[in-house]
Amino acid sequence: MTAPADVFAAVQSQFPAATARPTLDHTAINVPMGDAVAVLTTLRDTQAFDFLVDVTAVDWGVEATPRFSVVWHLLSTTTNNYVRVVAACVSDTEPVAPSISQLWAGANWHERETFDLLGIRFEGHPDLRRILMWDGYPHHPLRKDFPLAGIDTPLPDLEVGELTKATAAPAPMMGGPFVASVGEMNMTDAEPSAKDESWNERSNKPAAL
Amino acid sequence: MVSPNTELAYNSKIEGDLVVTRADAVINWIRANSMWPMPMGLACCAIELMASAASRFDIARFGAEVFRFSPRQSDVMIVSGTVTYKMAPHVRRIYDQMAEPKWVIAMGACASSGGMYRSYATLQGVDRIVPVDVYISGCPPRPEALLDALIKLQSKVQRSPGTTKNLLSA
């Protein structure tokens, strides 16, 4: 059994560039992108973190640099500890991270999802295709510069798009989304979400509003 | 000895009873009372759709119990669930493969309008890609609501004009 504090010490003794990451729950470690695979391999082989819980990424904002961080969550099924490993992508415009699908087969689809939604390219991935959006979709929807409503894009099937004249058009937000912090907005007053029905997807928002 | 048949009129004792009607009314009646659904179950509404087909709600009472998973054998597509943009072309292609006459029920908020999914990934109402005959509100609607929609669709079919003319001109 390794106590959570020892995990960070064990990693840092081997990888001096690793730093502790502020965390509210489990051990979290910042590592350079170049060390990521070696750190994860070490955690798996010497610290018994045998289970890959999640691979995801964070977009810190269009202005931020480094803009993208890739996050790996590991679980030890023997010691019941979690550890979070975070590495910042070097490039802000074409973020790249190494694939760990050779370490855990389950990383395959996690990485495809992260590629699909955030545009992180995982090098060495055996089959890096989109997994949720359709092939050929030009955007990465979870990036901060992508609007929740979406961007007008042709349907995946051009023939059907031509027949129906439908596109993947921006969804009508009708004054939403209602994202409220505590005390900022009374959610009871905010319902129903469509208060102003003078405009929608078919008739544009009046200029006076 | 063969006796000559002197009866020229219709003999209901021999031929059975006769009801006089219009071809439109008969064809519409036949169509309305055997609407085979194409279950387009895409989300949780499909659970209610299945419940409608099961014994408690028993959609068979309205002649629509024969769920066909082939569009070529079905009359009414019940779009029950969230239609994503990725799925939308497939819904349209399946609709195109259904034989005329065909109808569409948009079951639930998502199929009718996108529902709570005001997002980049969700088609904001299946009427963007296929013509819808009946919309059902609810998230998800109860099976009774689906049965009500089916009854409304049946009355629409029974009122549809020019059925025979369309058949003959087709």
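The legends below describe close-up views of a predicted model.

**Figure 1. Ser119(B) and its contacts with chain A.** Ser119(B) has 17 other C-beta atoms within 10 Å and is therefore partly exposed. This serine belongs to the loop that runs between helix H5 (108–113) and strand E4 (134–136) of chain B. Apart from neighbours within four places in sequence, the contacts of Ser119(B) are with Leu148(A), Gly150(A) and Ala171(A).

**Figure 2. The contact between chain B and chain A.** On one side of this contact are 14 residues of chain B, and on the other are 18 residues of chain A. The side belonging to chain B comprises five nonpolar, four polar and five charged residues.

**Figure 3. Helix H4 of chain B and its buried face.** Helix H4 of chain B spans residues 88–97, and its buried residues are Ala88(B), Pro89(B), Val91(B), Arg92(B) and Tyr95(B). When the helix H4(B) is seen down its axis, these buried residues fall within an arc of 160 degrees, so they line one face of the helix. Which elements does this set of buried residues pack against? In chain A, the partner is helix H4 (158–164). In chain B, the partners are strand E1 (37–41), strand E2 (76–80) and strand E3 (103–107).

**Figure 4. Helices H2 and H6 of chain B.** Helix H2 (residues 23–32) and helix H6 (residues 143–159) of chain B have axes that come within 8 Å and cross at roughly 160 degrees. Angles over 145 degrees count as roughly antiparallel, and H2(B) and H6(B) are therefore roughly antiparallel to each other. Their crossing is right-handed. From H2(B), the residues Asn28(B), Trp29(B), Arg31(B) and Ala32(B) meet Gln154(B), Val157(B) and Gln158(B) of H6(B). Sorted by class, the contact of H2(B) with H6(B) contains three nonpolar, three polar and one charged residues.

**Figure 5. Helices H3 and H6 of chain B.** Helix H3 of chain B, residues 45–53, packs with H6(B) at an angle of about 75 degrees, and the two axes are 8 Å apart. Are these helices roughly parallel or roughly perpendicular? The range from 65 to 115 degrees counts as roughly perpendicular, and the angle makes H3(B) roughly perpendicular to H6(B). Here Glu48(B), Leu49(B), Ala51(B) and Ser52(B) of H3(B) meet Pro143(B), Leu146(B) and Leu147(B) of H6(B). The contact of H3(B) with H6(B) has five nonpolar residues, one polar and one charged.

**Figure 6. The elements of chain A.** Chain A contains five helices and nine strands. Read from the N terminus, the order of its elements is α-β-β-α-β-β-β-β-α-β-β-α-β-α. Of the 209 residues in chain A, 23% are buried. Among the contacts in chain A with a separation of 6 or more, 44% are between residues 24 or more positions apart.

**Figure 7. Two cis peptide bonds.** Most peptide bonds are trans. In chain A, however, Thr65(A) and Pro66(A) are joined by a cis peptide bond, with omega about 0 degrees. Pro66(A) is located in the loop between strand E3 (51–59) and strand E4 (68–75) of chain A. In chain B, a cis peptide bond links Glu100(B) to Pro101(B), with omega about -5 degrees. Pro101(B) is part of the loop between H4 and E3 of chain B.

**Figure 8. Two residues with positive phi.** Most residues other than glycine have a negative phi. Lys165(A) is not a glycine, yet its phi is positive, at about 60 degrees. The loop that holds Lys165(A) lies between H4 and strand E9 (167–168) of chain A. Is Lys165(A) buried or exposed? Lys165(A) counts as exposed because it has 9 C-beta neighbours inside 10 Å. Asp58(B), likewise not a glycine, has a positive phi of about 55 degrees. The loop between H3 and E2 of chain B contains Asp58(B). Asp58(B) counts as partly exposed because it has 13 C-beta neighbours inside 10 Å.

Definitions and conventions: Residues numbered from 1 in each chain as written. Chains lettered and ligands numbered in written order. Predicted model: local features only at pLDDT ≥ 70, side-chain atom pairs only at ≥ 80, totals over all residues. Helix = DSSP H or I, 4+ residues; strand = E, 2+ residues; numbered from the N terminus. Buried ≥ 20, exposed ≤ 12 C-beta atoms within 10 Å, placed from the backbone. Contact = placed C-beta atoms within 7 Å. Nonpolar A, V, L, I, M, F, W, Y, C, P; charged D, E, K, R; others polar. Arc of directions from axis to C-beta. Axes fitted to C-alpha atoms, helices over the stretch in contact; angles between N-to-C directions. Parallel < 35°, antiparallel > 145°, perpendicular 65-115°, else oblique. Left-handed = near helix turned anticlockwise from the far one by under 90°.
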